[in-house]
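This report describes selected features of one protein model. The sequence and structure are shown first.

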Amino acid sequence: MTETIARPPRFIAYLPLTDLTPADRNPKRHELELMIASIDMHGLVEIPVVDERTEKTLHGHGRRESLIEMQARGMRAPSGIVIDEDGGWLVPVLRGWSSRSDAEAEALAIKLNRLPGEGGWDPREFAAVLEDLATNEVELFDSLAIPADEMDTLFAQVDPETLPGGGREDETPLLHLPDDGERGDSLSPDDEGRTAHTTCPACGHLFTSSR
């Protein structure tokens, strides 16, 4: 049986993008181009959070900046955004939480950015997902924009025997340029500027980094 809550402690409201005020201080930096590309591809999925006490953005400054830039560039409104009668963008935001002080608001803002990444990645599962994407959904894999050196670090933590396709335990991930295997360890002057690759230690799949 579902019970209806008259006044839920958390709720989603649509606010004009121009009314979504940033916090006075926000130390988090953002890769806006990557965020814009992601929002354009998938829509606005993770919504900003507003502090009821200050009526300012608590979490989601990068999404706010990305949406402002997208609108300024004349890009289409992403899914999740509602267009008002004047053509303005209405943004869904999470409301209902109120800080007790500026210090608490800033501490929580840092936690909301840091804690999701603190657990890290399961290297084996991550490698398997990356391989599936790179094999079957190249556009989605490229949109991840994971640098080759990051994938090298990831694959160095993976036991090849645990991945589909097996592999030898003494094999290590390789970071190389196209066709370098045919030239031995030496690289020709023409290799400069060419895209780096990473090889999966289990299946030999060649991952190309877009960054």
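## Basis of the report

The structure is a predicted model. The values below are therefore to be read as properties of that predicted model.

## Packing of H1 and H2

Two packed helices are described by the angle between their axes and the distance between the axes. Here, helix H1 covers residues 32-42 and helix H2 covers residues 61-72. The two pack at an angle of about 75°, and their axes are 9 Å apart. Angles of 65 to 115 degrees count as roughly perpendicular, so H1 and H2 are roughly perpendicular to each other.

On the H1 side, the residues that meet H2 are Leu-32, Met-35, Ile-36, Ile-39 and Asp-40. Their counterparts in H2 are Gly-62, Arg-63, Glu-65, Ser-66, Leu-67, Glu-69 and Met-70. By class, the residues of this contact comprise six nonpolar, two polar and four charged.

## Salt bridges

Side chains of opposite charge can pair when their charged atoms come close. The structure holds 10 salt bridges. One of them joins Glu-52 to Arg-95, with 2.9 Å between the closest N and O atoms. Glu-52 lies in the loop between strand E2 (49-51) and strand E3 (56-59), whereas Arg-95 lies in strand E5, so the pair ties together parts that are 43 residues apart in sequence. Glu-52 is partly exposed, its relative accessible area being 25%.

A salt bridge also links the side chains of Arg-100 and Glu-104, at 3.1 Å from N to O. Arg-100 counts as exposed, at 73% relative accessibility, while Glu-104 counts as partly exposed, at 22%.

In helix H3 (residues 102-118), Arg-114 and Glu-118 are four residues apart, about one turn of the helix. These two residues form a salt bridge, and their closest N and O atoms are 3.3 Å apart. Arg-114 has a relative accessibility of 46% and counts as partly exposed. Elsewhere, a network of salt bridges links Glu-33, Glu-69 and Arg-73. Glu-69 is also among the H2 residues that meet H1.

Is Arg-95 buried or exposed? Its relative accessibility is 15%, and buried means under 20%, so Arg-95 counts as buried. The residue is found in strand E5, which spans residues 89-97.

Leaving aside neighbours within four places in sequence, Arg-95 is in contact with Pro-9, Arg-10, Phe-11, Ala-13, Leu-15, Val-50 and Glu-52. With Glu-52, the side chain of Arg-95 makes a polar contact of 2.9 Å. Glu-52 is also the salt-bridge partner of Arg-95.

Ala-23 is placed in the loop between strand E1 (11-16) and H1. With a relative accessible area of 25%, Ala-23 is partly exposed.

Which residues does Ala-23 contact, leaving aside its neighbours within four places in sequence? They are Lys-56, Thr-57 and His-61. Ala-23 and Ala-109 are 86 residues apart in sequence, and their C-alpha atoms are 9.7 Å apart in space.

Key:
Residues are numbered from 1 along each chain as its sequence is written. This is a predicted model: local features need pLDDT of at least 70, side-chain atom pairs count only at pLDDT 80 or more; totals for chains, interfaces and linings use all residues. Side-chain values use heavy atoms; hydrogens and water are left out. Buried means under 20% relative accessible area, exposed over 50%, partly exposed in between (1.4 Å probe, protein chains only). A polar contact is a pair of N or O atoms within 3.5 Å; within protein, one must be able to donate a hydrogen and the other to accept it, and residues adjacent in sequence count only if both atoms are side-chain atoms. Contact means heavy atoms within 4.5 Å. Axes are lines fitted to C-alpha atoms, for helices over the stretch in contact, and angles run from 0 to 180 degrees between N-to-C directions. Angles under 35 degrees count as roughly parallel, over 145 as roughly antiparallel, 65 to 115 as roughly perpendicular and the rest as oblique. Ala, Val, Leu, Ile, Met, Phe, Trp, Tyr, Cys and Pro count as nonpolar, Asp, Glu, Lys and Arg as charged, and the others, Gly among them, as polar. A salt bridge is a side-chain nitrogen of Lys or Arg within 4 Å of a carboxyl oxygen of Asp or Glu.
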